Amino acid sequence: MKIIFISAISNNGYIGKNNQLMWHLPNDLKRFKKMTIGESVLMGRKTFESIGKILPYRKNIILTNKKKTYFSFLKENEKNFKIISSVKEIKNFNYKKIFIIGGEKTYTSILNKAHILELTIVHKKFYGDAKFPKFNIKNWKKIYEYFYKKDKNHLYNYSFIRYERKNLSLSSI
């Protein structure tokens with residue numbers, strides 16, 4: 001299984017504040033949707049709560065220590081979501097790839113298993129309460145970087161960057 005992180009990050013490493021994004025970049029949201037439609041996405045409970053719903057046209061996996069009854073508003077027979085209590089459970093899924101979409105604790109707990117980082121860097125300092133985990137850039141190869149200037153729909157300059165891990169087997173979960 002290929003593990004792909006996808007995240008938008010400020011220049012100084014923040015990804016959120018009060019369970020919300022701190023910026024609105026329509027092109028980043030379009031990129032996220034394009035990459036994850038038809039795929040599996042794994043998120044922590046707080047990220048799920050901030051989204052407020054199951055993401056359509058994706059297999060949603062929610063990582064939480066809360067009991068299943070916490071999610072009783074979701075239909076148990078819904079085929080687009082699963083609830084797991086440990087990252088180790090994803091190895092039981094027969095997925096070719098899985099996108100890790102947040103938050104901080106989820107990213108941190110899986111970073112050493114990630115194969116690809118799909119990052120949007122927002123070229124501004126923000127201060128929040130959730131950060132993307134630090135990673136050793138020496139272990140990663142930059143595949144591409146595209147820079148975009150701010151415009152009428154995007155208040156900040158930003159870049160799309162893809163990194164691939166240099167030395168990690170695809171069966172490392």
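The strands form an open sheet, eight of them, in the order β5-β4-β3-β6-β1-β7-β10-β9, and the pairing is mixed. At the edges stand β5, residues 81–84, and β9, residues 140–148; each has a single partner strand, so one side of each is left without a neighbour in the sheet. From one strand to the next, the twist averages 20 degrees. This is a predicted model, so please read every value that follows as computed from predicted coordinates.

Now the pairings. Strands of a sheet pair through backbone hydrogen bonds, and the sense is either parallel or antiparallel. I start with β3, residues 40–44, and β4, residues 59–63, which pair in the parallel sense over five bridges. In that pair, Gly44 stands opposite Leu63 of β4.

On to β6. β3 pairs with β6 in the parallel sense over three bridges, and Leu42 stands opposite Ile100 in β6. β1 and β6 are also a parallel pair, over four bridges. Here Phe5 has Ile100 in β6 as its bridge partner.

Next is β7. With β1, strand β7 pairs in the parallel sense over seven bridges; Ile4, for instance, stands opposite Ile116 in β7. With β10, strand β7 pairs in the antiparallel sense, again over seven bridges.

How many residues of β7 are buried? Seven of its seven, and the strand is mostly covered. In a regular strand the side chains alternate between the two faces of the sheet. In β7, Ile116, Glu118, Thr120 and Val122 point one way, while Leu117, Leu119 and Ile121 point the other way, and all are buried. Note that Glu118 and Thr120 are among the buried residues of this strand.

Ser159 is located in β10, and Ile121 stands opposite Ser159. Is Ser159 buried or exposed? Its relative accessible area is 0%; the cut-off for buried is under 20%, so Ser159 counts as buried. Which side chain makes a polar contact with that of Ser159? The partner is His123, and the contact is 2.7 Å. Leaving out residues up to four places away in sequence, Ser159 touches Leu119, Thr120, Ile121, His123, Glu145, Tyr146 and Phe147.

Helix α1, residues 26–36, lies across β1, β3, β6, β7, β9 and β10. Relative to β10, residues 158–165, helix α1 runs at about 35 degrees.

To finish, the whole chain. The protein has three helices and 10 strands. Along the sequence, the pattern reads β-β-α-β-α-β-β-β-α-β-β-β-β. There are 173 residues, of which 46% count as buried. Among contacts with a separation of 6 or more, 66% come from residues 24 or more positions apart. The accessible surface is about 10,300 Å², and carbon and sulfur atoms hold 50% of that.

That is the set. I can bring any of these strands back on screen.

Key
Residues are numbered from 1 along each chain as its sequence is written. This is a predicted model: local features need pLDDT of at least 70, side-chain atom pairs count only at pLDDT 80 or more; totals for chains, interfaces and linings use all residues. Side-chain values use heavy atoms; hydrogens and water are left out. Two strands pair if DSSP finds at least two bridges between them. Helices (H or I, at least four residues) and strands (E, at least two) are DSSP runs, numbered from the N terminus. Axes are lines fitted to C-alpha atoms, for helices over the stretch in contact, and angles run from 0 to 180 degrees between N-to-C directions. Contact means heavy atoms within 4.5 Å. Buried means under 20% relative accessible area, exposed over 50%, partly exposed in between (1.4 Å probe, protein chains only). A polar contact is a pair of N or O atoms within 3.5 Å; within protein, one must be able to donate a hydrogen and the other to accept it, and residues adjacent in sequence count only if both atoms are side-chain atoms. Accessible areas come from the Shrake-Rupley method with a 1.4 Å probe; for residues, only the protein chains shown count as cover.
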